[in-house]
Amino acid sequence: MGRGKTLTIPERAQVDLMVQLNMSISLMSARIHCSRTINDCYLSDPVAYGTSKSTGRARKLKQRDEKNVARAVSNTMKSAKDVANPYNSTRAFLASKKIKVFAWPACSPDLNPIESVWDILARPVYKNGKQYNTISELKDAVKTEWSKIHPSYLENLSNSMPNRIFQVIQKNGGVTSY
């Protein structure tokens, strides 16, 4: 039986960038068109990724370990409601520290520098209304344009996060220049 897909070096670079931007595994997988499992495997050990064959499915917990987990969970001070909805406990914690929270969408382009990357990738890929006959052609075009992006551009985007956050706070959640 053949092995599954592995991430290419440009895809690994994309994943690394998206990790720095705190994107979720699901969103990363959707953006580079691969499974969450592939991303998990790469993120668990990027250095050894793709060098060794998987040993198969992880073992189930032994009964003793299940009891230890249940005991540890029952000894925590969190209620079932907090475990079911961590958003409530996060809001309560921030309120207890008197931290003001804006009603700002998590996927706002102002706070996601990767949107700038998608923009500079898409323009040359679809220049003059270019259409592709196969997914492979499109992937090749995107990979070609990705390789043309200078690493300093990506670093500058990453370094712009403090300014982006500052502007959001300064504009009280309003429109920023990003």
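The model is predicted: local features need pLDDT of at least 70, side-chain atom pairs count only at pLDDT 80 or more, and totals for chains, interfaces and linings use all residues. Residues are numbered from 1 along each chain as its sequence is written, and side-chain values use heavy atoms, with hydrogens and water left out. The protein has ten helices and zero strands. Helices (H or I, at least four residues) and strands (E, at least two) are DSSP runs, numbered from the N terminus.

**Overall make-up**

- From the N terminus on, the order of elements is α-α-α-α-α-α-α-α-α-α.
- The protein has 178 residues, and 21% of them count as buried. Buried means under 20% relative accessible area, exposed means over 50%, and partly exposed lies in between (1.4 Å probe, protein chains only).
- Among contacts with a separation of 6 or more, 58% come from residues 24 or more positions apart. A contact means heavy atoms within 4.5 Å.

**Helix 1**

- Helix 1 takes in twelve residues, 9-20; at 1.5 Å a residue it should span 16 Å, and its end C-alpha atoms are 17 Å apart, which agrees. The expected span is 1.5 Å times one less than the number of residues.
- Which residues of helix 1 are buried? They are Glu11, Gln14, Val15, Leu17 and Met18.
- Asn22 follows helix 1, and its phi is positive, near 60°.

**Cysteines**

- The structure holds zero disulfides. A disulfide is a pair of cysteine sulfur atoms within 2.5 Å.
- Cys34 counts as buried, at 12% relative accessibility.
- Cys41 counts as partly exposed, at 42% relative accessibility.

**Salt bridges**

- How many salt bridges does the structure hold? There are three. A salt bridge is a side-chain nitrogen of Lys or Arg within 4 Å of a carboxyl oxygen of Asp or Glu.
- Glu115 pairs with Arg31, with the closest N and O atoms 3.2 Å apart. Glu115 lies in helix 7 and Arg31 in helix 2, so this pair ties together parts that are 84 residues apart in sequence. Glu115 is partly exposed, at 30%, and Arg31 is partly exposed, at 26%.
- Arg123 pairs with Asp119, with the closest N and O atoms 2.3 Å apart. Both lie in helix 7, four residues apart, about one turn of the helix. Arg123 is exposed, at 53%, whereas Asp119 is partly exposed, at 38%.
- Lys148 pairs with Glu145, with the closest N and O atoms 3.3 Å apart. They are three residues apart in helix 8, so about one helical turn separates them. Lys148 is exposed, at 56%, whereas Glu145 is buried, at 17%.
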